[in-house]
Amino acid sequence: MKTYVSLKPLIPWRQAKGPLDWDLLYGRKAPLEVEIGFGNGERLVRQAQRKPEFNYLGIDISWPSVRRALRKVGVLGLKNVLIVQAGAEPALKRLFEPESITKITALFPRPWPARQHEKYRLFSTSCLEVVNNRLASKGEVEIVTDFKPYADWVEKQVPGKRFDLACQVIPAGQQTKYERKWLNEGCMDFYRLFLTKTGHAPSPVWEDFDLKLHLLDDFDPDGFPLGEYNGKFFVSFKEMFFDPAKQKALLRTISVEDDLRQSYWLEFSRKDGKWRLRLTPGCGVLPVASVQWSLDLARDLALGSPAADKKS
């Protein structure tokens, strides 16, 4: 049984070319505030109620979080809240024009406490460069965490001459699920970082590719070399399923570009004496350079001329 009221606030962003026209999506022009990792959406809707003159966008990768936020938005009938289910960095890179966001808030982002996992943390220097570019003049970023080593790490990531940074220890006051969790575990001090944009960083919007299909004279599904490949990007061909009656093969593929990891299927299908290689329709994949490269690599491997190093 569905627990949301309506899917209308959920933006099907993978089916649209970026960047998005937010004024059109909201049906009005208003300052845009973004909350990253909104949990169950309680702060998001609370802010939207308090400031109806603002547009609010929630970004969260978790479907349960999205579902709960959609329910709150639907029950309250809020018209100034939209939801995007996505990782924060891909969304920021693809969906927003430069200088289009008034404020970004992230309450209790995952700290990835192990040193070997620091590369997964949000708000690295490269991420903050994107954040800076998407913020309007004097735009703001507010980050609150219970984990002091994470606060210290973010402070070191802030690019010079791009932000004014203020750090302070604060008591509880966010009234969110994770804050209540930490309070119940005895945490009394929280760490707030407040960044104000003072300079502008170059960071282009991620470009969509018109993915090109390939035509092959011959194709041997049994001879296709599955495995992991390094070249322009990292690509892994995991497994292949072939239907000899339909003369169609599906190749499960993973590609990695920057912080974007995508899993999808490539399709070989025979028609009019040729094998057509394309992205399988309906995959919901961002059409970026790494996807095109996986198509090009699959073509080269099928032809017996690999253009990348295979990992042993």
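Two rings of Phe, Tyr or Trp count as a pair here if their centres lie within 6.5 Å. In this predicted model, such ring pairs link Phe 219, Phe 224, Tyr 229, Phe 237, Phe 242, Phe 268 and Trp 275 into a cluster. Here is a friendly tour of the aromatic residues, the cysteines and the chain as a whole.

**Aromatic pairs**

- The count of aromatic pairs comes to 15.
- Trp 22 and Tyr 26 have ring centres 6.3 Å apart and planes at 45°, so this pair is tilted; planes under 30 degrees apart would count as stacked and those over 60 as edge-to-face.
- Helix 1 (residues 22-26) holds both Trp 22 and Tyr 26, which are four residues apart, about one turn of the helix.
- Trp 22 and Tyr 26 are both buried.
- Tyr 150 and Trp 153 make a stacked pair, with 5.9 Å from centre to centre and 25° between the planes.
- Tyr 150 and Trp 153 sit three residues apart in helix 6 (residues 148-157), again about one turn of the helix.
- Tyr 150 is buried, as is Trp 153.

**Charges over rings**

- Arg 110 lies over the face of Trp 112, at 3.6 Å from the ring centre.

**Cysteines**

- How many disulfides does the model have? The count is zero, with a disulfide taken as two cysteine sulfur atoms within 2.5 Å.
- For Cys 127, which is in no disulfide, the nearest cysteine sulfur belongs to Cys 167 and is 17 Å away.
- Is Cys 127 buried or exposed? Cys 127 has a relative accessible area of 1%, and because buried means under 20%, this residue counts as buried.
- Cys 167 is likewise in no disulfide, and its nearest cysteine sulfur is that of Cys 127, 17 Å away.
- Cys 167 has 41% relative accessibility, so it counts as partly exposed, the class between under 20% and over 50%.

**The whole chain**

- Eight helices and 14 strands make up the count of these elements in the chain.
- The C-alpha trace spans about 65 × 40 × 40 Å along its principal axes.
- Of the 312 residues in the chain, 47% are buried.
- Taking contacts between residues at least 6 apart in sequence, 71% join residues at least 24 apart.
- The chain exposes about 15,800 Å², and carbon and sulfur atoms supply 51% of that area.

Methods:
Residues numbered from 1 in each chain as written. Predicted model: local features only at pLDDT ≥ 70, side-chain atom pairs only at ≥ 80, totals over all residues. Heavy atoms only, no water. Phe/Tyr/Trp six-rings, centres within 6.5 Å; stacked < 30°, edge-to-face > 60°. Helix = DSSP H or I, 4+ residues; strand = E, 2+ residues; numbered from the N terminus. Buried < 20%, exposed > 50% of the residue type's maximum accessible area, 1.4 Å probe, protein only. Lys NZ or Arg CZ within 6 Å of the ring centre and 35° of its normal. Contact = heavy atoms within 4.5 Å. Areas by Shrake-Rupley, 256 points an atom, 1.4 Å probe, with all protein chains shown as cover.
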